[in-house]
Amino acid sequence: MDLELSGLNPAEANAAMAVVKESFDAGVAPDYTQQGRDLFAQVVTADYLCSLPHRQGFTLVAKLDGRIVGMCALRDGHHVTLFFVLPEFQGRGIGRRLLDSAVERLRRTVPGATKLEVHSSPGAVPVYQSLGFSVTGLEKVDDGIRYIPMERLLGPSPNTSMDNR
């Protein structure tokens with residue numbers, strides 16, 4: 001598997017949104033009310049993805065043979081706002097590689113970052129736990145969107161020397 005990871009090119013925003021929509025519809029939408037599904041569709045757009053650099057964020061995409069098969073987007077310097085891999089490509093380590101790359105980029109762009117936060121859909125909690133996240137609160141519902149707050153402590157950067165004598 002020759003996976004290419006890169007920052008989102010604005011010209012690819014619609015292709016990245018197709019991944020979001022397909023993955024959301026398959027795995028997340030069933031847990032939301034109609035109000036939540038409508039709000040997600042209204043807010044999460046190609047323009048939203050392109051706005052993340054102005055919100056202390058970024059979007060990374062994973063491509064196989066030039067096709068976007070996964071994406072991870074951060075905002076506010078530490079919040080995983082979108083994280084999806086197409087259903088037929090799940091379980092192949094693509095999500096782990098995307099998240100690891102996002103952590104590396106976060107460490108470069110937000111010195112001193114100590115954690116990632118996410119509002120996980122109920123069905124994605126085991127996935128986030130396998131990626132080092134822990135549940136930090138009870139399930140909540142806001143505007144029809146169900147989520148469980150989670151975080152992953154980052155610890156020191158692997159490139160940081162522990163011996164500064």
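Reader: Is C72 buried or exposed in this model?
Author: The model is predicted. Buried means under 20% relative accessible area. C72 has 0% relative accessibility, so C72 counts as buried.

Reader: How far is the sulfur of C72 from the closest cysteine sulfur, and in which residue is that sulfur?
Author: A disulfide needs two cysteine sulfur atoms within 2.5 Å. The closest cysteine sulfur is too far from C72 for a bond. The distance is 16 Å, and the residue is C50.

Reader: How many disulfides does the count come to?
Author: A disulfide is a covalent bond between the sulfur atoms of two cysteines. C50 is in no disulfide. Its nearest cysteine sulfur belongs to C72, 16 Å away. The count of disulfides is 0.

Reader: What is the geometry of the F24 and Y32 pair?
Author: Both F24 and Y32 are buried. Their ring centres are 5.4 Å apart. Their planes stand at 75°, so the pair is edge-to-face.

Reader: Which residues form one aromatic cluster with F24?
Author: F24 is in a cluster of aromatic residues.

Reader: At what angle are the ring planes of Y128 and F133?
Author: Y128 is buried, and F133 is too. Their ring centres are 5.2 Å apart. The pair is edge-to-face because the planes are at 75°.

Conventions:
Residues numbered from 1 in each chain as written. Predicted model: local features only at pLDDT ≥ 70, side-chain atom pairs only at ≥ 80, totals over all residues. Heavy atoms only, no water. Phe/Tyr/Trp six-rings, centres within 6.5 Å; stacked < 30°, edge-to-face > 60°. Buried < 20%, exposed > 50% of the residue type's maximum accessible area, 1.4 Å probe, protein only.
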